[in-house]
Amino acid sequence: AEFFKADGVIVTGMHTGHSPDASEVKNVKGSVGCKVLVGSGVSHENVHKFQPCADALIVGSALILQTGRIKWVAVFGFIMATILSIVLTASVLKER
């Protein structure tokens, strides 16, 4: 990534809507000197796995119905799960 002067690297799962393993994201983060983004499969159910090791998350299909309409309940759930993950991570780091 550095050779090509990339601003970031996107780590994805095998298919649209499938998340990568958090260990893969951690390995990439430790191997590159640029931002690491998780590019698929992020939802309110697994955001806590990626929040500590990714610089950014790309969220799409978890928040959109097949009709193209926004799943507002899912958006709210994702926001709440993200906030909880950030607070818990910060409290763990503070204890160290």
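Student: What percentage of the 96 residues of the protein chain count as buried?

Tutor: The share is 26%. Buried means under 20% relative accessible area, exposed means over 50%, and partly exposed lies in between, with a 1.4 Å probe and protein chains only. Keep in mind that this is a predicted model, where local features need pLDDT of at least 70, side-chain atom pairs count only at pLDDT 80 or more, and totals for chains, interfaces and linings use all residues. Residues are numbered from 1 along each chain as its sequence is written, and side-chain values use heavy atoms, with hydrogens and water left out.

Student: What makes up the secondary structure of the protein chain?

Tutor: There are 3 helices and 3 strands. Helices (H or I, at least four residues) and strands (E, at least two) are DSSP runs, numbered from the N terminus. Along the sequence the pattern reads β-α-β-α-β-α. The C-alpha atoms fill a box of roughly 40 × 35 × 20 Å along the principal axes.

Student: Why is S85 called buried?

Tutor: S85 has a relative accessible area of 5%, so it falls under the 20% limit and is buried. S85 sits in helix α3.

Student: Which residues is S85 in contact with, leaving aside neighbours within four places in sequence?

Tutor: S85 is in contact with V47, H48 and Q51. Contact means heavy atoms within 4.5 Å.

Student: How much of the contact count of the protein chain, at a separation of 6 or more, comes from residues 24 or more positions apart?

Tutor: Those residues account for 50% of these contacts.

Student: Why does G13 count as buried?

Tutor: The relative accessible area of G13 is 17%, which is under 20%, so G13 is buried. G13 belongs to the loop between β1 and α1. Leaving aside neighbours within four places in sequence, G13 is in contact with H18, S19, P20 and S40. G13 and S40 are 27 residues apart along the chain, yet their C-alpha atoms are separated by 6.0 Å.

Student: What makes K29 and D55 a salt bridge?

Tutor: Their closest N and O atoms are 2.6 Å apart. A salt bridge is a side-chain nitrogen of Lys or Arg within 4 Å of a carboxyl oxygen of Asp or Glu. K29 and D55 therefore qualify. The pair links distant parts of the chain: K29 is in helix α1 (residues 22–31), D55 is in the loop between α2 (47–50) and β3 (56–57), and they are 26 residues apart. The structure holds 1 salt bridge.

Student: Why is N27 called exposed?

Tutor: N27 has 54% relative accessibility, over the 50% limit, so it counts as exposed. N27 is in helix α1. N27 and D55 are 28 residues apart in sequence and 13 Å apart in space, C-alpha to C-alpha.

Student: Why is E24 called partly exposed?

Tutor: The relative accessible area of E24 is 38%, so it lies between the 20% and 50% limits. E24 is also found in helix α1.

Student: Which residues make the nonpolar surface patch?

Tutor: F76, I79, M80, I83 and V87 make it, at about 480 Å². Patches are made of residues with over 30% relative accessible area and no salt bridge; like charges are joined within 9 Å, nonpolar side chains (Val, Leu, Ile, Met, Phe, Trp, Tyr) within 5 Å. F76 has a relative accessible area of 54%, so it passes the 30% limit and is exposed. F76 lies in helix α3 (residues 72–95).

Technical notes. Accessible areas come from the Shrake-Rupley method with a 1.4 Å probe; for residues, only the protein chains shown count as cover.
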